[in-house]
Amino acid sequence: MSSKKPPKIAIVAGEHSGDLLGAGLMQAISKRHPGAYFIGVGGPLMAEQGMDSYFPMDDLAVMGIAEVVQQLPKLLRHRKKLVQYLIEEQPDVMIGIDAPDFNLTVETRLKNAGIATIHYVSPSVWAWREGRIKGIKKAVDHVLCLLPFEKDFYDKHGLPATFVGHPLADDIPMQWQQAPARKELKLEPESEYLAILPGSRKGEIARMAPVFLRVAKKIAEKYPNLRFVAPMISDARAEQFQELIKQYSPELTIALPVGESRKVMAASNYLLLTSGTVALEALLIKRPMVVAYRFHWLSYQIIKRLFHAPFFSLPNLLAGKEIVPELAQSEASEEGIEQALVELIEQDNTVLLEQFKTIHQQLKVSASEKAANVVDSFL
C-alpha cells in the first residue's frame with residue numbers, strides 16, 4: 001500500500017438488495033484501503049460499514065408507476081441535491097447499485113463532471129428496451145454484471161463490463177440439507193412437501209395466489225399424502241394469504257412461516273413459484289420447481305411487444321435452454337400449472353439438480369471481491 005490518502009468513494013443504493021451488495025463491496029474495499037471514506041446513499045447494512053448516507057435509502061425504494069408519480073417531486077429534489085453534493089465532494093469513483101431509473105441520471109451528471117462511474121447490477125437491457133444501451137454508455141465507464149451472459153451483451157456494444165458472479169451464490173451453501181431445515185420449521189420429517197411461493201408484494205399475491213391455491217387443491221386430491229407450506233415475507237402478507245386460503249381451498253392445511261422463504265425451500269421437495277429472484281434462490285437451494293407468472297393485462301400488452309429474451313425465468317436464462325417449466329399469462333392456467341407439477345412429481349429430477357449445481361458453481365466467484373478489483377482499477 002502506498003502512503004497516499006485513503007480513497008473517497010460514492011455509492012448510491014436504492015433498496016434492500018442494493019444495501020446488501022453495497023455492504024459487501026464496502027467491506028471488500030475497506031480491507032484493501034483501510035480508512036476509505038464512503039458517501040452517498042445506503043441502508044442499515046451500509047451504515048454498519050461506515051456509509052454516511054445523504055438521505056434515507058427508503059426514500060428511493062418506491063415500487064409501481066402510481067407510487068413513483070406520487071413521490072416524483074421528492075425524488076427529483078433528492079436527485080438534484082445529491083448530484084450537487086457529490087460533485088462538490090469530488091469522490092475518486094461513484095458506484096450506482098441497481099435502481100437504474102434514479103442512478104443512471106446521477107451517473108451521467110457525475111461522468112460529465114469528470115468523475116469515474118461504475119454501475120453495479122446490469123439493467124435488463126438484454127431482455128427489453130435494448131435502445132437504453134446508448135444512455136448507459138453516456139452514464140457509466142464500467143458495468144458490474146451478476147450474470148455471465150450480460151457481459152457478452154456489453155462486449156457486443158463496446159462498453160467495458162465485468163462478470164462478478166452473484167452474491168446469492170456466495171451466500172447460499174452448495175448443499176442445503178432438508179432434514180435440519182424441517183426440524184427448525186417444525187415440519188413433519190417423513191412427509192413430502194410442496195412449497196407455494198406466490199410473490200412478496202400485495203398485488204402479486206392477489207394475482208397469483210388464487211390460481212396456485214386451486215392447483216394445490218387438485219394436487220392434494222391426486223397426492224393425498226403431500227403436505228403444503230407457503231413462506232410469507234411479513235405478517236401482513238400471511239394474513240392476506242390466509243384469507244385467500246379460506247376463499248379458494250378451505251379444506252387444505254397450509255403452514256405459513258414468516259420470513260423463512262429460503263429455509264422453507266430447503267425443507268421442501270417441490271416448489272411452485274412466481275418468477276423473480278426467488279427462482280434463482282430455488283435453483284441455488286437445488287429444489288425442482290415450476291415457475292408461473294401472470295402480469296396485469298395492460299402491463300402484459302406492453303411487455304409482450306418489448307421483451308425479446310428467449311425465457312423469463314432466471315434458471316432457463318442461465319442454462320440457455322428450458323430446464324424448468326415456465327408458464328406465463330394464459331399458459332399459467334390451472335390446467336397448465338397442474339400438468340407441469342404432476343410431471344415434476346412423477347419424474348426423476350437427478351439431471352436437473354446436477355444442472356443447478358453447475359450453474360451455482362459458475363455464479364459462485366466471490367462477487368464482492370471481484371467488484372472491489374474493478375473499483376481498485378479506477379482508484
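Helices (H or I, at least four residues) and strands (E, at least two) are DSSP runs, numbered from the N terminus.

A word on what you are viewing: this is a predicted model, in which local features need pLDDT of at least 70, side-chain atom pairs count only at pLDDT 80 or more, and totals for chains, interfaces and linings use all residues. Residues are numbered from 1 along each chain as its sequence is written, and side-chain values use heavy atoms, without hydrogens and water.

Next, stay with β2 (residues 37–41). Of its 5 residues, 4 are buried, that is, under 20% relative accessible area with a 1.4 Å probe, protein chains only (exposed is over 50%, partly exposed in between). On one side, β1 runs parallel to β2, joined by 5 bridges; strands pair if DSSP finds at least two bridges between them. Pick Ile9 and you will find Phe38 of β2 opposite.

Finally, visit two loops. Select Val121, between β5 (116–120) and α5 (133–139): this residue is not a glycine, yet has a positive phi of about 90°. Val121 is buried, at 12% relative accessible area. Then go to Gln329, between β13 (326–328) and α15 (334–346). Gln329, also not a glycine, has a positive phi of about 50° and is buried at 15% relative accessibility.
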